[in-house]
2 protein chains.
Amino acid sequence: MDTYDLSKISTRAPENLSKAATKDETDLLIDRLEELQNMLYAEGKWSLLIVLQGMDASGKDGAVKAVFSAVNPQGVSVKSFKKPTEEELSHDFLWRIHRHTPARGKIQIFNRSHYEDVLVTRVLGLTDDATAQKRFKIINAFENLLQERGTQVLKFYLHISEAEQQERFEERLNNPRKHWKYNPNDLKSAENWPEYRQYYKEVFENCGPDIPWRIIPSDQKWYKEYLIAKTIVETLEGLHMKYPGLPTE
Amino acid sequence: MDTYDLSKISTRAPENLSKAATKDETDLLIDRLEELQNMLYAEGKWSLLIVLQGMDASGKDGAVKAVFSAVNPQGVSVKSFKKPTEEELSHDFLWRIHRHTPARGKIQIFNRSHYEDVLVTRVLGLTDDATAQKRFKIINAFENLLQERGTQVLKFYLHISEAEQQERFEERLNNPRKHWKYNPNDLKSAENWPEYRQYYKEVFENCGPDIPWRIIPSDQKWYKEYLIAKTIVETLEGLHMKYPGLPTE
């Protein structure tokens, strides 16, 4: 089954989709998300964990900015997981992750996540295949623990083409306001695409389908933002939340 | 198999064991533990997690005090898990636990632990059988994660008799220096012994034998201290630790 072969999945919106109409739709979804986050917080029963993964320059930061623009910042936190610190490395790979899982009523966004420990660490040769297999199992157990506790776990892979990535790297080089995002290793990392595709495929196959990965065609930001907003809103609607009544005492 | 039927396991030392000789032995073990903790810290490769469970007044605090008396306090932390706070309750049951697992080179002692969520919560009717079964599985996955990361997990059940517990409660009532430990609910909790025995049995059966429970006859403090010290020392000896050489650069 090649469902998860990224080289065969389009990175673009369907040809006939209207950009203007979709953007209008996204605006409505973002308004609705503001309301739903309020209910989530008021009801205090559920929480939402959003995992964002994707190659460099796939637009993870941008997605957060666009989709959560209207949401009360008190109810949302973003945690970016970078190269582990010495302290983090002195614990198991889920230690630094677990402490940032959302409390009831909260939305937590992971910009990169525990999945880096079965992706970049494999590319770097720090994690072998057998260890990756073990980690898939513990990741599933961990995410199930969260789900059973009322945390909805939404996992997005922001899917861009190699050509689009190159373009964005060049933009970083040429736009002084984006220089801070430029990293001399960026251009080199392109060599690792086939490996990343393989390791992502294994992640999608092993860490689902109970808590499925959503592969988001992300070459066009407007389409990416639309799909992410839509998935989040549908997930929260599915909880049938209610504002609590007046305290009875 | 009745291996784990606590009502059939002695709470006392073997009849012919010399108390004086055992205490001398314990002193040697405690000295050795001081040395081993130094190596653990210096080598920075392994860590040790000690889980202490037992009925009220089974001597968990006393065990920590006696066994770790000689160890450098910088290398050892004790975390007592009490009734969860509101913040802790707004996360999954392992959230408050995971953050206190030991870094490499450290010894962490849990005075009560994640096991309370399949023990006291069952007695109180907060955790049903199906949930307990699920938790056994996630506890095993969690402890395996720690072990694979180099954390030795040692789980002790301090086994006292009901008569001994009663005596210790009365001591708390009659000794002004122990009044602070007295809790009016203590005497009531005796009613729940049969339930606790059943739930502990399920814990021992389901959360082992890879990471086994050690049932420590604890009516006599000197025997309890000896067994705990011995187990810890043997576990650390089994790691074949070495002091690192001089940096080669």
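1. Helices (H or I, at least four residues) and strands (E, at least two) are DSSP runs, numbered from the N terminus. The model is predicted: local features need pLDDT of at least 70 and side-chain atom pairs count only at pLDDT 80 or more, while totals for chains, interfaces and linings use all residues. Residues are numbered from 1 along each chain as its sequence is written, chains are lettered from A and ligands numbered from 1 in the order in which they are written, and side-chain values use heavy atoms, with hydrogens and water left out.

2. Pro209(B) lies in the loop between helix 9 (193-206) and strand 5 (213-217) of chain B. A cis peptide bond joins Gly208(B) to Pro209(B), with omega about -5°. In chain A, Gly208(A) and Pro209(A) are likewise joined by a cis peptide bond, with omega about -5°, and Pro209(A) is placed in the loop between helix 9 (193-206) and strand 5 (213-217) of chain A.

3. His240(A) has a positive phi, near 50°, and is a residue other than glycine. His240(A) belongs to the segment after helix 10 (221-237) of chain A. Most residues other than glycine have a negative phi, and most peptide bonds are trans.

4. Where the two chains meet, 21 residues of chain A are in contact with 21 residues of chain B (contact means heavy atoms within 4.5 Å). The area buried between chain A and chain B is about 1,800 Å², and carbon and sulfur atoms give 57% of this area. Buried area is the accessible area (1.4 Å probe) that two parts lose on being put together, summed over both. Asp92(A), His98(A) and Leu145(A) supply 27% of the area that chain A buries against chain B, more than any other three residues.

5. Two salt bridges are counted between chain A and chain B (a side-chain nitrogen of Lys or Arg within 4 Å of a carboxyl oxygen of Asp or Glu). One salt bridge is formed by Glu148(A) with Lys134(B), whose closest N and O atoms are 3.6 Å apart. On the side of chain A that touches chain B, helix 4 (95-98) and helix 6 (129-148) of chain A each supply at least two residues. Helix 6 of chain A gives the largest share, seven residues.

6. The structure also holds six cavities of 30 Å³ or more. On a 1 Å grid over the protein atoms alone, a cavity is a set of points where a 1.4 Å probe fits but cannot get out, and lining residues have an atom within 4 Å of a point. Grid points are joined across faces, edges and corners, and a volume is the space filled by probe spheres set on the points. The largest cavity has a volume of about 70 Å³. Its lining residues include His98(A), Leu145(A), His98(B) and Leu145(B).

Notes. 1 Å grid on protein atoms, 1.4 Å probe; cavity = no way out; pocket = protein on both sides within 12 Å on 5 of 7 lines; lining within 4 Å.
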